[in-house]
Amino acid sequence: MLRRSVGECRVPVEAAAVFVLSHVKAWHAPPQLGLLVATSLARQAHAALSFSASSMDFADAEFSKSSVVRQVWRSQNPGKISDLRLVTEELHPPPHGEIRVVIKAIGLNFADVATCLGLYSAAPKGVYTPGLEFAGIVDAVGEGVDALSVGDRVLGLTRFGAYSSHINIPSKYVRSFPENWSFSEAASFPVQGLTMVYALRELGNVQRGQTVLVHSAAGGCGTFALGICKSLKVHVVATVGSDDKVKHLLEYWGEDFLPPERIIVRGVGAPFKQQLEASLASLRVEGFDCILDAVLGDYFLPAYDKLSRGGRYIVYGASSMMPHGNRPNWLTLAWKYFRRPILDPLKMMGENKNIMQQPIGCLYASQPQCFLCRLREQYTLIL
């Protein structure tokens with residue numbers, strides 16, 4: 001998931017090429033969560049649309065239970081990022097069990113870009129508003145809500161719709177955050193943090209002393225994953241997409257936790273399989289207990305071959321499939337799709353290997369009652 005928070009900065013969102021690695025600022029927390037340098041992957045931006053705090057009119061609203069006029073980024077049909085339009089509409093008071101939040105910052109995620117391009121199957125059909133996470137101030141409380149009050153600073157998750165100046169949302173999907181966090185820091189926390197807590201603890205069942213492969217380790221999810229692995233005393237092999245990110249990882253995490261021989265630059269030097277074998281040899285183990293993959297493509301099968309018996313391969317993205325531009329090139333996507341790796345379930349049973357998928361939607365839709373308890377565990381593990 002590649003994104004940064006919006007609200008105190010201006011972030012272009014006009015093309016899929018404009019992925020910006022999520023930044024996690026210093027939150028007066030332990031070393032595993034310091035500054036992650038926000039690195040733009042944009043190479044072919046078409047400058048057309050932008051998202052800024054001023055255009056969203058994030059000024060504090062007068063606290064009331066009346067209807068408000070809000071601004072929303074909206075598109076009629078997914079397919080082109082430039083089709084997003086800023087519209088004005090009335091938002092009714094929050095119903096029973098919900099609160100209304102004046103949004104101060106939002107998160108820009110990989111899923112938001114994929115939704116705008118029409119490549120995210122979990123996205124709403126027809127008219128939609130992107131946005132999965134936000135931070136802001138409660139300015140109205142519906143009946144039946146006792147745990148929150150007007151004026152509370154909260155972060156939250158929503159099943160799309162966060163690219164708005166105001167939002168009504170069930171109170172169970174929000175939580176207060178520490179006073180020393182900015183709104184941007186709070187908005188950058190839920191999606192990637194929850195994704196990695198769920199992937200490593202629930203799906204991966206990672207235990208102390210095990211070995212984990214983390215793809216895109218310098219990105220947002222990768223940073224959270226490394227922080228959790230360090231807390232759990234797990235051995236990590238990390239992959240990145242360029243040499244400059246190796247320097248960042250070494251400076252940020254230190255060689256005691258992540259030495260150079262366990263950082264792989266994908267597509268540079270020896271074939272990927274040999275790079276994995278060399279890193280595993282430095283740990284004196286034969287395979288990985290868990291693999292976190294948001295890349296796929298040509299790197300999937302070599303990593304899968306190095307998954308230990310009983311290991312868990314967790315997929316939460318496919319950056320190798322993503323187009324670069326304002327709209328998808330369907331011929332290129334079709335070529336990549338038909339070249340995708342195919343596994344034999346019968347062979348998998350004999351190997352005792354597990355493939356799992358991890359979208360944030362599973363936390364929101366299938367287990368909504370667990371949202372707050374997972375955030376509590378997230379705070380404990382990461383901070």
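Here is a short chat about some side chains in this predicted model.

Visitor: What should I know about the model and its numbering?
Guide: It's a predicted model, where local features need pLDDT of at least 70, side-chain atom pairs count only at pLDDT 80 or more, and totals for chains, interfaces and linings use all residues. Side-chain values use heavy atoms, with hydrogens and water left out, and residues are numbered along each chain as its sequence is written, starting from 1.

Visitor: How many disulfides does the count come to?
Guide: A disulfide is a pair of cysteine sulfur atoms within 2.5 Å. Take Cys-290: its closest cysteine sulfur is in Cys-229, and at 7.7 Å that's too far for a bond. By this rule, the count is zero.

Visitor: Is Cys-290 buried or exposed?
Guide: Buried means under 20% relative accessible area, exposed means over 50%, and partly exposed is in between (1.4 Å probe, protein chains only). Cys-290 has a relative accessible area of 0%, so the word for Cys-290 is buried.

Visitor: What kind of aromatic pair do Tyr-252 and Trp-253 make?
Guide: Rings of Phe, Tyr and Trp (its six-membered ring) pair if their centres lie within 6.5 Å; planes under 30 degrees apart are stacked, over 60 edge-to-face, and the rest tilted. The model's count comes to ten aromatic pairs. For Tyr-252 and Trp-253, the centres are 4.8 Å apart and the planes at 90 degrees, so this pair is edge-to-face.

Visitor: And what kind of pair do Trp-253 and Phe-257 form?
Guide: Trp-253 and Phe-257 are both buried. Their ring centres are 5.7 Å apart, with 50 degrees between the planes, and that makes the pair tilted.

Visitor: Which residue lies over the face of Phe-183?
Guide: Phe-183 belongs to one aromatic cluster with Phe-177, Trp-181, Phe-189 and Phe-224. A charge sits over a ring if NZ of Lys or CZ of Arg is within 6 Å of the ring centre and within 35 degrees of the ring normal. Over Phe-183, at 5.0 Å from the ring centre, you'll find Arg-153.

Visitor: Which side chain of opposite charge is nearest to Asp-293?
Guide: Lys and Arg count as positive and Asp and Glu as negative, with His and the chain ends not counted. A salt bridge needs a side-chain nitrogen of Lys or Arg within 4 Å of a carboxyl oxygen of Asp or Glu. Asp-293 is buried yet has no salt bridge, and the nearest side chain of opposite charge, 7.3 Å away, is Arg-266.

Visitor: Over which ring does the charged end of Arg-266 sit?
Guide: Look 5.8 Å from the ring centre, and you'll see that the ring under the charged end of Arg-266 belongs to Tyr-299.
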